[in-house]
Amino acid sequence: MKIKKKIPLIDQASKLGFWGGKFGGNYVPETLKKPIEDLEILFNKLKNDKRFIAERDKYFKNWVGTPTRFIKLKNLTNHVGGAQIWSKVVSDANGGAHKIYNATVHCLLAKRSGKKFIIGDTGAGYAGKMLSMAAKKFGLKCKIFMGAKDIARQQPNVKAMKKNGAEVIPVYSGSQTLVDAVSECMRFWVANCDTTAMCVGSTVGPAVFVRICGWSTSQISRELKVQLIDEFGSIPKKLKLYNCVGGGSSSFGFWNEFMDYDKKQCEFIGVEAGGPARSKKHAAPLTYGSKIGILHGAAQYVNQDLEGQIEETESISAGLDYPGISPLHCFLKDTRRARYTAASDEDALSAYKTVTKFEKLRPSLEPSHAFSVAIKESKKLSKDTIVVVNSCGDAYKDREILKKRLGKKYVEPN
Amino acid sequence: MLNPISLAFKKAKQENRAALLTYTVAGDSSKKQSLDILNSISENADILELGVPHNTPVADGSQIQTSAYRAIRNGIKMNDIFKIVKEFKKSNKNKPIILMGYFNMIFQYGENKFLNKCNSTGVNGLIVVDLPWPENKNFAKKCKKKSIYFIQLLSPTTTKQRLKKIIRDSHPMNYFISMLSTTGGKLKVSPNDILKNYTKIKKIDPKKEIVIGFGITEKTIGKLKSADGLVVGSAICKEISKSLKDRQNPVTNVSKLVKKLKSKIL
């Protein structure tokens, strides 16, 4: 299994949609074969169409807001006393997280295909919030599927979705989290694929959704590459890119443009959600060696029992609370291009405290996982090492959890 | 020897009627009860589909989901399902059984081991909801070697060109999904339109048996009776749920329902 150079990773899948011969694919009901094929044809055409790219870039620039900031965390760097710690503040993007890129592209595709309705899944509520924003912007009617447990714990985003005119559909089956929301969304699409476009909220699902999402979030690394060269004159000799990994959309987008660099120069570190320190449950299939299985149309490493039933996950961060992982990350793991590790709920909370103590940055619980590992590892790294953490979400949505776990003083009024 | 599935269609044709196929979830609401249900409905049903419950089903509506979650909660495992089949076949040697489920369960069990077990317990056919053509080509070949029918699903969204290719590669029985829906949705297409689509498919290769499923109930089954076979699933699962809720015996109630379904297609 090998990564090819000079070919975008999203285009390295086989004809049937497999990366490395075994990750991804299209394990879907027959009814979805045609709509998926239609979407593939459309996307393959448009991703190389200059006018479409110009249209995407126009919306990214004027509406999403590009580029998002690339800043040095000076106080944190001094406090840690090792590598230089920087952050790509992707939460600057309109709506407060990276999910806006994928949502915008899916709405543009839906418009091109003449669909009037768009549906999507959401965990932390960001994918749903952004899809509702984009749907409103492009005049599409929008339904968002969200686990009942997540609706309870991510109220600010639920309110935002409703304000944008989206219908939020609570999902009560199974663990009532993201995994069930994705299943329900796919079921709805099975029954309505003639009129409705589906947006999968991360680099998961049938192959074309993995590709569209990865293509969209790659905006992050396109910007970062320019910003690094502006700042340092060239790509630093020792660069480490830390990102949290749930489904894997922000991390893939954060890394994509650096894929062809040697990992000794440019290392990718993915941080999965380890769950509560005392719990055996987690959302870290790569770190804890979960077996390959099929979830939501794709073969991937996934938390499951011996029989093949998908296991419940547990994480303080709803956005990482997913039993599977993008086929792209399975491929990056097995080719050893990226390294994966996990941070516990407690680690993430502690990192959140540290970051907010020293910097004017409020990473949500998802990137707080990445900060946790970045801070720990930076201590041991030389001063000429450039550590960049993708702060891909804002903590506003987590205020209730933060208030409960850390106390009121950690929640700024907003 | 001819696969009992083909024999069942032959018998129904001799009686000048559609074959009746039922779907129940293995282990719903208990291992014993699901076996009792199979035994009691086998008098009126021609082919029995037995669902392998999975906890992230992407094509099942709420009735089958409820049954599947109930069975999983009650601890059903793949080997229990094979035991149910084996037990059933002891007293119903020629009644065809089809296992229906999602591919991850087979993938984890091991394709070859799974097929060997199907063979030794008496499973006659397989429907794998999320293993479409052409992805299923290899697996379907393996099934054929074991004399197990791999049943292809066909949908209203399947293009004509694709239909031809799938049917060319298919085994003697295929399954036409009546409409764009998860299982158990309300029939949103008229039975006439469903039959029109059915006839188009049938014409591609008249020798292949085509059954229609999804959204078929006591009310609609009669209008579709010119098909080779008709599948009722969600309505049966719903009956089990209702019986449990009303503290009645699901075995008797389901048995009555199947008898009624049969009477509508005679």
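The buried residues of H10(B) (buried: 20 or more other C-beta atoms within 10 Å of a residue's own, C-beta atoms being placed from the backbone) pack against strand S1 (19–25), helix H3 (62–73), strand S9 (229–232) and helix H11 (250–265) of chain B. Helices (H or I, at least four residues) and strands (E, at least two) are DSSP runs, numbered from the N terminus. This is a predicted model, in which local features need pLDDT of at least 70, side-chain atom pairs count only at pLDDT 80 or more, and totals for chains, interfaces and linings use all residues. Residues are numbered from 1 along each chain as its sequence is written, with chains lettered from A and ligands numbered from 1 in the order in which they are written.

**Helix H10 of chain B**
- The buried residues of H10(B) are B:Ser234, B:Ala235, B:Ile236, B:Cys237, B:Glu239 and B:Ile240.
- B:Arg247, with a positive phi near 55 degrees, follows H10(B).

**Contact between the chains**
- Chain A contributes 32 residues and chain B 30 residues to the contact (contact: C-beta atoms, placed from the backbone, within 7 Å).
- On the side of chain A that touches chain B, helix H1 (30–46), helix H8 (178–192) and strand S11 (292–295) of chain A each supply at least two residues.
- H8(A) gives the most to that side of chain A, with seven residues.
- The residues on the side of chain A that touches chain B comprise 14 nonpolar, twelve polar and six charged (nonpolar: Ala, Val, Leu, Ile, Met, Phe, Trp, Tyr, Cys and Pro; charged: Asp, Glu, Lys and Arg; polar: the others, Gly among them).

Definitions and conventions
A residue is buried if 20 or more other C-beta atoms lie within 10 Å of its own, exposed if 12 or fewer, and partly exposed in between; C-beta atoms are placed from the backbone. Two residues are in contact if their C-beta atoms, placed from the backbone, lie within 7 Å.
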